[in-house]
Amino acid sequence: MKVSKKKAQILNNAIDSWEEKLTISTEQANTLRQSMQIVGFDWKLLAVYSFWIAITCLIISVGVLLADDYLLDLLAKIFDAPAGVISIVTAIIAVGLYAVGVHRRRKYPEKNISNEATFFFGVLMTAVSVGFLGATSLYGDTHDALLLLLLTSIYAVLGLRLSSILIWLFALFTFGVWVLTETSFLSDWDAYFLGMNHPLRFVFVGAAITALSLLFPKYPKHERLQEPTRFVGLLYLFMSLWLLSIFGNYGDIAAWSQIKQIELLHWSILAVIVCLIAIYVGIKFNDTLSRSFGITFLLINFYTRYFEYFWESSHKAIFFAVLALSFWAIGSKAEKLWQIGEHSAGNEPTPMKHQ
């Protein structure tokens, strides 16, 4: 088993403790120690970054290609076909890419990163296919939200059937865009829907997606999708609460600019309460994701309020001095907690014993 140096320290300390308490025998302890191989570089992280950089570069390449008028005219002549034909062709390509991804997963199950990267191109072709479907007579005068709902449904079904985290994430993000488009259409593109501006709507979207994540443990086949779902739900929820603390339930910038920021204090208090609840849940149930979101957005909210209330009224030297002191205090506290963690894991790397 390949582990990082820090994980090896933790595992070795655990094995030592079990051996001292006679939970396992010396032979078993030796076997466990010998099964570990310390790696000095996180190649998995490099692989993830490399594939995403490759995908990003490809997208940029396509963007540059489409920005070139000569090449664009050439492509238009080559692909001088009805939108329906292009939609069908790209759909077939997407199916082929998903099939390649499934084949690679079965043949190389350990290459999870490159397998998911293969699915990405299927996701891209699916979006292109649905986009061209909107240009056909079949689509007619129906509004764009239906296309987004179709795309969300396709991604959701594929994400569940293929148990693909990447495809499922696209389903959740596309769902967010669909909600935004559909509610705007139903309100005749007004800033409010049922009296709610965009951030307030997404508070409910985030809460609903977070609640959805609680269902996944009941279905072992899809349990690996729980954390990504919860991440997106919490991201929607906390980002929306943060925006509400700044803009309140205002959809008109002109109206918002006429009020004092102190009038939106109740939204700030709500955001802080939700952050504190997330931190409590994270500590009580050892939930790193909830704790991280709670702490991160609690700090973001505090610093946002600091800028709102003191930027104009205080001298800039004092303003930045207080800011520096606060970050120094946070850094010192974080350093102390890190040292406690290092001390509990052992100050020095525990050598592989009894080899």
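The secondary structure of this chain comes to 14 helices and two strands, and the model you are looking at is a predicted one. Of its 355 residues, 35% count as buried. If you take the contacts between residues at least 6 apart in sequence, 63% of them join residues at least 24 apart. The accessible surface comes to about 22000 Å², and carbon and sulfur atoms account for 70% of that.

After the helix comes serine 163, with a positive phi near 50 degrees.

Leaving aside residues up to four places away in sequence, tyrosine 98 touches Phe119, Gly122, Val123, Thr126, Tyr155, Leu158, Leu162 and Ile167.

Now for the charged side chains: the whole structure holds four salt bridges. One of them joins arginine 105 and glutamate 116, at 3.5 Å from N to O. This pair connects helix 5, where arginine 105 lies, to helix 6, where glutamate 116 lies, across 11 residues of sequence. Arginine 105 counts as partly exposed because its relative accessibility is 25%, whereas glutamate 116, at 11%, counts as buried.

Arginine 230 takes part in a network of salt bridges with Glu227 and Asp287. Its closest approach to glutamate 227 is 2.9 Å between N and O, and both residues lie in helix 10, three residues apart, about one turn of the helix. With aspartate 287, the closest N and O atoms are 2.7 Å apart. That bridge links distant parts of the chain, since aspartate 287 sits in the loop between helix 12 and helix 13 (288-310), 57 residues from arginine 230. Both aspartate 287 and arginine 230 are buried, while glutamate 227 is partly exposed, with a relative accessible area of 39%.

Finally, back to the surface. Ile262, Leu265, Ile269, Ile273 and Ile277 form a nonpolar patch there, with about 430 Å² of accessible area together. Isoleucine 273 belongs to helix 12 (residues 265-284) and, at 43% relative accessibility, counts as partly exposed.

Note on methods: Residues numbered from 1 in each chain as written. Predicted model: local features only at pLDDT ≥ 70, side-chain atom pairs only at ≥ 80, totals over all residues. Heavy atoms only, no water. Helix = DSSP H or I, 4+ residues; strand = E, 2+ residues; numbered from the N terminus. Buried < 20%, exposed > 50% of the residue type's maximum accessible area, 1.4 Å probe, protein only. Contact = heavy atoms within 4.5 Å. Areas by Shrake-Rupley, 256 points an atom, 1.4 Å probe, with all protein chains shown as cover. Patch = residues over 30% accessible without salt bridge, like charges linked within 9 Å, V, L, I, M, F, W, Y side chains within 5 Å.
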